[in-house]
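Please open the model in your viewer and keep the selection panel at hand. We will go from stop to stop, and at each one you will be told what to select and what is there.

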Amino acid sequence: MANSGGSAVCNGHLHSHRRQNDSSQNGDCRKNGTVREAQQNGKPHFYEKPIVESFEEAPLHVMVFTYMGYGIGTLFGYFRDFLRNWGIEKCNAAVEREEQKDFVPLYQNFENFYTRNLYMRIRDNWNRPICSAPGPLFDVMERVSDDYNWTFRFTGRVIKDVINMGSYNFLGLAVRYDESMRTVKDVLEAYGVGVASTRHEMGTLNKHKELEDLVAKFLNVEAAMVFGMGFATNSMNIPALVGKGCLILSDELNHASLVLGARLSRATIRIFKHNNMQSLEKLLRDAVIYGQPRTHRAWKKILIMVEGVYSMEGSIVNLPQIVALKKKYKAYLYMDEAHSIGSVGPTGRGVVEFFGMDPQDVDVLMGTFTKSFGASGGYIAGRKDLVDYLRVHSHSAVYATSMSPPIAEQIIRSMKFIMGLDGTTQGLKRVRQLAKNTRYFRQRLNEMGFIIYGNEESPVVPLLLYMPGKVAAFARHLLNRKIGVVVVGFPATPLAEARARFCVSAAHTREMLDRVLEALDEMGDLLQLKYSRNRKSARPELYDETSFELDD
């Protein structure tokens, strides 16, 4: 795990490496005060435009009605719990058995209050069963409930050709079988479905080595290691990199896998405001000055953890400034590119390429194959000594079953497609088409008057709904129009910021997007969702650095 001075972490110790030559020899470029080294594969790309991200606030009356909605729902929830306790209303929730009333309760009544009384009322908008490939169109199995969403039954009807606006199928590579997948079929016939062993035992195949070499080439780094599960790539590898006596500085909106990995590591965790460099620098400065609590010894390592594209906000990490802070304070940088790899950058190589930076500026590059590559699993990439260290110490490598061979082949096929190693330029065209679709979709939503979050180049597009009743109505009405969307609310988002999250795909045609936009325009008028007044956010930490002051 290379630091700014050219060091690396191997077996928990720092080893010095040769310092880089001066900037003129390395082809460094200075742009707006930030050093950005030229990439080795092809011409350097510099992100010239200012970073444009929107986190507009809702009008005051919208927030008032949102909190009133939750308040009224809570009051009725307590009233219904009263009826259930007296046997007037049937209780379908899990409860303690009478003979176990003196034991420690297995079900926490208060913790399940929200699920029991609010979520269940709109539960039909989640976990909808799909019965086709998750392409730009998919088929949904119709289901109904006779007990207010406690249970469902299938009607036997299939809703055909629903426009898929919710899957992470950014490049449209998760599709039905065709002849381009012949190599996947051949690998299935030769290797079977499962490996039935870990990487440390009998689970390392030549397909895994081929994939790891290809990932390293794709990212322009020394080495890479692949894992069978994306979530475990974070949660099981972070504890191998940091431990007691180390400090993790984590973005407040980081994914649950990063949060779990940080907690399992036993390192000290401190949170900085989302994409706020002033908040991050204050924590870095305090960590360097004061050291560890009580002893005031220097931290063994300081690790900054961020994501490339944030899956709930649609924002892109401010990588140039974070790298500058990392180098200034001699910290390490761990970046999760689950949503950005394959979908961001001129050739789909993620946020590093998006900003025209050197991959060596990021000590640990992590990503998943579940989105743009139409497969499953994840990777860790960077310096060879980092990867060699993880091959020995990673919990995922020691205990988890290796990646399925057909999955590995699907990733290889997709990556070669993006890189143009299949002899065509179709992969590059898809990356560019995704960028066009993203800009078009975001621009039209802005013009209609919706409040949308995130970066204008992010294919993850959150549209703010706020009120819990409108969340359910929004998803139900759109499904009736054969449009499948993902709606998200508390606790995945702040209480008053429920939203619909659209994922734009290169496989979406202009006709599909126009059909969705037309339906959204009508829904915005019907449900009165066009809240935009082009005002700044009520959460200034999401965009404003100059006025931020961290509490002691």
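Is Asp363 buried or exposed? Select Asp363 and show the surface around it: this residue has a relative accessibility of 2% and so counts as buried, since buried means under 20% relative accessible area. Keep in mind throughout the tour that this is a predicted model.

Because Lys326 belongs to helix 10 (residues 319–328) while Asp363 sits in the loop between helix 11 (351–354) and strand 13 (364–368), the pair ties together parts that are 37 residues apart in sequence. Lys326 is buried as well, with a relative accessible area of 1%.

Of its 552 residues, 52% count as buried, and a search of the whole structure finds 28 salt bridges.

For another of these salt bridges, select Lys207 and Glu210, whose side chains meet at 3.2 Å, N to O. Both residues lie in helix 5 (residues 206–219), where they are three residues apart, about one turn of the helix. Lys207 counts as buried at 13% relative accessibility, whereas Glu210, with a relative accessible area of 31%, is partly exposed.

Next, select Arg80 and Glu89, which form a salt bridge whose closest N and O atoms are 2.6 Å apart.

Stay in this part of the sequence and select Met68, which lies in helix 2 (residues 60–85) and, at 41% relative accessibility, counts as partly exposed. Met68 belongs to a nonpolar patch on the surface, whose members include Leu60, Phe65, Ile72, Phe79 and Trp86, and the patch as a whole has about 1100 Å² of accessible area.

The next stop is an open sheet of three strands, which has the order 6-7-17 and mixed pairing. Strand 6 (137–144) and strand 17 (483–484) stand at the edges with a single partner strand each, so one side of each is left without a neighbour in the sheet. Six bridges join strand 6 to strand 7 (residues 153–164), and these two strands run antiparallel; if you select Leu137, you can look for its bridge partner in strand 7, which is Ile163. In the loop between strand 6 and strand 7, select Tyr148, which has a positive phi near 60 degrees although it is a residue other than glycine, and which is exposed, with a relative accessible area of 60%.

Finally, select helix 16 (residues 468–480), whose 13 residues should span 18 Å at 1.5 Å a residue, and whose end C-alpha atoms are 19 Å apart, which agrees. Its buried residues, among them Val471, Phe474 and Leu478, pack against several elements, including strand 7, strand 17 and helix 17 (510–526). After helix 16 comes Lys482, whose phi is positive, near 60 degrees. From there, go on to the loop between strand 18 (486–488) and strand 19 (498–503), where Pro491 is found; the peptide bond from Phe490 to Pro491 is cis, with omega near 10 degrees.

Definitions and conventions. Residues numbered from 1 in each chain as written. Predicted model: local features only at pLDDT ≥ 70, side-chain atom pairs only at ≥ 80, totals over all residues. Heavy atoms only, no water. Patch = residues over 30% accessible without salt bridge, like charges linked within 9 Å, V, L, I, M, F, W, Y side chains within 5 Å. Areas by Shrake-Rupley, 256 points an atom, 1.4 Å probe, with all protein chains shown as cover. Salt bridge = Lys/Arg side-chain N within 4 Å of Asp/Glu carboxyl O. Helix = DSSP H or I, 4+ residues; strand = E, 2+ residues; numbered from the N terminus. Buried < 20%, exposed > 50% of the residue type's maximum accessible area, 1.4 Å probe, protein only. Pairing = 2+ DSSP bridges. Expected span 1.5 Å × (residues − 1). Contact = heavy atoms within 4.5 Å.
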